[in-house]
Amino acid sequence: MPPMSDYESLLARLAELGHLGHAAALLGWDQQCYMPHGGALARANAMGAMGKLLHERFTDDETGRLLSNAEAEGAEEGSDQALTLRAVRRDYDKSVKLPTALVSSLARETALAHEIWVKARQENSFAQFAPTLEKLLGLSRDVADHLGHGGCRYDALLDQYEPGMTTAQVATVFAEVRDGLLPLMEIIREGEPVDNSCLKRGFDDKTQLQFAEYIAKKLGFDFERGRQDMAVHPFCQGLHRTDVRITTRVETHWLPGALMGTIHEAGHGMYEQGFDPKDDDTPLSGAASLAFHESQSRLWENIIGRSRTFWNVFYPGLQHHFPGVLADVDVHQFYRAINHVEPSLVRVEADEVTYCLHIFLRFELEQELVAGTLAVKDIPEAWSAKMEQYLGITPPSDALGCLQDVHWSGAMFGYFPTYALGTMLSAQLFEKALASDSTIEPGLVRGDYAPLLGWLRTNVHQPGRRYLPGELTERICGEPLSAKPLIRYLHSKYREIYVAEHRDRKRIL
Ligand code: ZN
């Protein structure tokens with residue numbers, strides 16, 4: 001056998017790191033799903049040690065030497081080898097800027113912070129969480145300074161989740177979304193009210209989970225290569241293309257919680273399951289960015305899962321699963337109920353129209369927190385003021401306000417914008433999918449999701465990490481990320497739901 005080239009040695013080294021990363025991710029998944037509270041400190045130490053080991057091995061001189069040599073060996077432009085080297089170079093140059101001590105202390109502190117956040121949220125006490133948040137913000141500022149930036153620390157943090165995107169660019173596209181949403185919210189406020197009380201009747205918890213998993217399977221989530229468990233804050237953790245963990249929570253008197261939440265996480269999961277098998281255990285197997293990840297979850301949850309065609313297919317089955325509970329509600333009423341728009345307190349349960357407003361709030365607060373112009377102790381007040389400004393409501397408690405999301409306990413500053421960017425991208429990708437494959441729409445009508453999933457596999461999932469998110473958007477859509485498809489989609493859908501003149505009843509039924 002000929003000796004391995006430096007490129008092959010590099011791949012072998014990175015594959016091994018991938019296996020270790022798999023093990024580390026499993027510790028995190030278990031922490032949120034099954035670990036007893038008493039295990040928190042020991043788990044934090046274990047995760048800190050894994051974070052340190054992974055960082056040290058990835059950034060050590062041998063990785064750098066193999067990478068430089070492999071680059072010097074040369075690779076055909078645009079080939080997988082060239083794209084792999086580009087992706088690794090990007091990761092490596094970023095990672096070597098972060099001291100191991102900082103990486104390890106972040107991993108440990110965030111593991112501890114998770115438990116503190118869970119308790120503070122349960123006890124509705126921001127004061128319990130504030131010192132931890134202060135510490136994590138300090139570490140995040142350190143991270144930003146080590147990564148480097150041109151004066152805006154938030155740019156460096158954002159780039160970790162959405163490579164190539166700047167704070168100023170995000171602010172520009174967010175303003176476009178906001179300008180498109182405000183007139184629509186006005187139309188909705190003055191429109192025909194929608195009654196969604198049917199969603200708050202009693203739905204047996206176990207049956208909710210069974211139905212949600214049945215739907216996830218129908219859409220294409222592969223339970224041979226994935227499973228669903230319960231978590232305080234639902235998430236998806238891909239350990240490998242062949243082992244993807246999704247999570248949910250269930251509330252007896254709120255049907256969309258588990259159902260739409262499961263579709264959302266299954267959307268993330270199908271992305272993870274859809275990476276190209278030939279990229280297994282290589283740096284190309286992974287998501288292009290978090291916005292791309294979120295585009296998949298929100299496409300399935302909203303554009304599909306809250307569509308009329310979807311409920312035309314599944315509503316009889318839903319009624320059947322909960323005998324008698326929805327007997328007096330027809331599919332038309334149910335479709336309107338599941339698309340009820342109302343400013344609300346909790347981001348993950350927000351409707352499609354007001355969802356992005358929750359993100360704008362967090363984006364603005366995070367910039368101030370990172371810049372130091374907003375003190376941690378003033379967060380609850382600032383949160384309430386922005387809720388009032390964007391949504392016209394005030395949270396009655398911290399648990400329903402600034403403590404609702406898990407992200408800050410994970411020091412994930414710069415993550416939130418990707419939710420709204422992904423929402424925009426979901427509409428843009430869906431428009432493109434329908435325009436480029438005529439079998440998708442008839443498939444949706446008969447409840448066959450294979451054509452849509454197939455298109456997403458080819459165009460979105462299988463490219464993996466070959467391209468930066470901006471490049472991938474251009475390759476797929478022929479244009480950069482745009483707010484227009486989302487605004488077009490929301491206006492057309494919600495005018496029909498809320499304004500009688502826009503509705504042709506026959507078409508709906
Ligand atoms: Zn998501």
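Three salt bridges are counted between domain 1 and domain 2. The model is a predicted one. The domain assignment of the protein chain places domain 1 at residues 6-148 and domain 2 at residues 167-508. This briefing covers the contact between the domains, then the cavities, then a pocket.

**Contact between the domains**

- The C-alpha centres of domain 1 and domain 2 are 27 Å apart.
- Domain 1 has 37 residues in contact with 41 residues of domain 2.
- About 3,500 Å² of area is buried between domain 1 and domain 2. Carbon and sulfur atoms give 63% of that area.
- E471 and R86 form a salt bridge through their side chains, with 2.8 Å from N to O.

**Cavities**

- Empty space is found by rolling a probe the size of a water molecule over the atoms.
- Searching the whole structure gives four cavities of 30 Å³ or more.
- The largest cavity holds about 50 Å³ of space. Helix 11 (290-304), helix 16 (417-436) and helix 20 (484-498) are the elements that each give two or more residues to the lining of the largest cavity.
- The residues that line the largest cavity are R298, N302, I303, E352, T423, S426, L486, Y489 and L490. Sorted by class, this lining has four nonpolar, three polar and two charged residues.
- The second largest cavity has a volume of about 40 Å³.
- R362, W383, C402, D405, W408 and F416 line the second largest cavity. By class, four residues of this lining are nonpolar and two are charged, with no polar residues.

**The second largest pocket**

- The volume of the second largest pocket is about 590 Å³. This pocket is lined by 19 residues, and those closest to its centre are S307, F430, E441, Y489 and S492.
- The elements that give two or more residues to the lining of this pocket are helix 11, helix 12 (308-321), helix 16, helix 17 (440-446) and helix 20.
- Helix 20 gives the most to the lining of the second largest pocket, namely five residues.
- By class, the lining of the second largest pocket has 10 nonpolar, three polar and six charged residues.

**Where the cavity and pocket linings meet**

- Y489 lines the largest cavity, and Y489 is also among the lining residues closest to the centre of the second largest pocket.
- Helix 11, helix 16 and helix 20 each give two or more residues to the lining of the largest cavity, and these helices also each give two or more residues to the lining of the second largest pocket.

Key:
Residues are numbered from 1 along each chain as its sequence is written. This is a predicted model: local features need pLDDT of at least 70, side-chain atom pairs count only at pLDDT 80 or more; totals for chains, interfaces and linings use all residues. Side-chain values use heavy atoms; hydrogens and water are left out. On a 1 Å grid over the protein atoms alone, a cavity is a set of points where a 1.4 Å probe fits but cannot get out, and a pocket is an open set with protein on both sides within 12 Å along at least five of seven lines; lining residues have an atom within 4 Å of a point. Grid points are joined across faces, edges and corners, and a volume is the space filled by probe spheres set on the points. Helices (H or I, at least four residues) and strands (E, at least two) are DSSP runs, numbered from the N terminus. Ala, Val, Leu, Ile, Met, Phe, Trp, Tyr, Cys and Pro count as nonpolar, Asp, Glu, Lys and Arg as charged, and the others, Gly among them, as polar. Domain bounds come from an automatic or database domain assignment. Contact means heavy atoms within 4.5 Å. Buried area is the accessible area (1.4 Å probe) that two parts lose on being put together, summed over both. A salt bridge is a side-chain nitrogen of Lys or Arg within 4 Å of a carboxyl oxygen of Asp or Glu.
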